[in-house]
Amino acid sequence: MEMALDLAKRGLYSTQPNPRVGAVVVQEGIVVGRGAHLFAGEAHAEVLALAEAGAASRAATVYVTLEPCSHQGRTGPCADALMAAGVKRVVVAVQDPNPLVSGQGIARLRAAGIEVELGCCEAESRALNPGFFMRMEGGRPWIRLKQAVSLDAGVALGNGQSQWLTGTLARADVQKERASASAILVGIGTVLADNPRLAPRLDIPLRRCPVKVILDTRLRTPADAALFASPGAVWIFHGPDQPEAAKNALQAAGADLFAVPLDGERLDCPAVMRILAEKQMNEVLVEAGPGLASTLFAAGLVDEWLLYMAPMLLGQGALPAMQVGPFQQLTEAPRWRSLRVESLGNDLKWTLGPQEF
């Protein structure tokens, strides 16, 4: 199963909106077939592994990181392929949360007399596909908040200057996070201040570029913004009753527009996330300034917090990563779990998750 999980990682940048899945066929203790799902609409991991194994699939054991599908989608049911190959046993890491599949693939295999075991490396499989599980089970994408901060928790000098807090290795790592995301989301403040491209720069060619999502309440995105010239679709979420001229200019530039309700003076972020889930976005990387970060934290919409920490001090007047509280007691202050700490040159990448009680 660990081999199958490693195979699944090959789809890290490419399987959207499908989950990352790996499969291994074992005959009498020998691996005879391997497969990884790489692109939506193309062969699933089980089919590729069975094809490599050929006749050696008969009476073999198949290890797969997600329940084999049982319905006709863009490809045929993997449960049927396993049955046709004559496998004896299937070990499944985790049940598919998709209602079209959930439990039905396993039931189909068992009805055909195939032994099925469930739960081997379940946590590891879910960790490979947090967005797919969140979208199916929670109705929204998995949300990663990315911020570069100084040792004194600033994201920019008081005059707004923030390029660059971190070094080249940290910035290269951000490009990998961008490439693995279904969408990259920023607020209009970032667009106006930095004019970002919002497209990953990687040495590997990408067949799928993340969608660029802009939260722009009053449709202030310039029609000649750099993000229109980089690969990937542009989706702009805005408030109700915006000028038709602004809508027409942005649509002519290539943007898809989505009107959502307001929550006070800001867009209703939960509504935005529900639409992104409906559009099959699994994982959203949010590159946020203090305002958007504060809004997401207040709404409970941060599943993973990526802090790229530079060993520098921005001093008095620096813009804080966010503003929360005020709190009267330490027991009121939100706590986070440290998931990973990585050295990237002179910087640290600190990955955190919400504290579980």
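Helices (H or I, at least four residues) and strands (E, at least two) are DSSP runs, numbered from the N terminus. The structure is a predicted model, in which local features need pLDDT of at least 70 and side-chain atom pairs count only at pLDDT 80 or more, while totals for chains, interfaces and linings use all residues. Residues are numbered from 1 along each chain as its sequence is written, and side-chain values use heavy atoms, with hydrogens and water left out.

On the α3 side, A79, D80, L82 and M83 meet G105, R108 and L109 of α4, where contact means heavy atoms within 4.5 Å. The residues of this contact comprise 4 nonpolar, 1 polar and 2 charged. In this division Ala, Val, Leu, Ile, Met, Phe, Trp, Tyr, Cys and Pro count as nonpolar, Asp, Glu, Lys and Arg as charged, and the others, Gly among them, as polar.

E46, V47 and L50 of α2 make the contact with C78, A81, L82 and A85 of α3. Here the residues divide into 6 nonpolar, no polar and 1 charged. An α-helix has 3.6 residues a turn, so residues three or four places apart point the same way.

L109, which has its place in helix α4, counts as buried because its relative accessibility is 0%. Buried means under 20% relative accessible area, exposed over 50%, and partly exposed in between (1.4 Å probe, protein chains only). Apart from residues up to four places away in sequence, L109 touches P68, A79, L82, M83, V90, I114 and V116. In contrast, K88 is exposed, with a relative accessible area of 55%. K88 lies in the loop between α3 and β4 (89–92), and touches A59, A60, I114 and E115 when residues up to four places away in sequence are not counted. The C-alpha atoms of K88 and A223 are separated by 59 Å, and these residues are 135 residues apart along the chain.

The largest nonpolar core has 35 residues, and those with the most contacts inside it are L185, F237, L276 and V286. A nonpolar core is a set of buried Ala, Val, Leu, Ile, Met, Phe, Trp, Tyr and Cys residues joined through side-chain atoms within 4.5 Å. Among the elements that give two or more residues to this core are β6 (142–150), β8 (183–187), α10 (269–278) and β14 (283–287). Helix α10 gives the most, with 5 residues. Leaving aside neighbours within four places in sequence, L276 is in contact with P141, L185, V213, W235, F237, M281 and V284. A second, separate core has 24 residues, including V21, A45, A79 and L82.

In helix α6 (residues 130–138), the buried residues are P130, G131, F132, F133, M134 and R135. They pack against α5 (122–128), β6, α10 and β14. Just after α6, G139 takes a positive phi of about 75°.

Several backbone features occur in loops. A cis peptide bond joins Q16 and P17, with omega at about 5°, and P17 is found in the loop between α1 (2–8) and β1 (22–27). C121 is not a glycine but has a positive phi of about 60°; C121 is found in the loop between β5 (115–118) and α5. Q280, also a residue other than glycine, has a positive phi near 70°. Q280 lies in the loop between α10 and β14 and, at 38% relative accessibility, counts as partly exposed.
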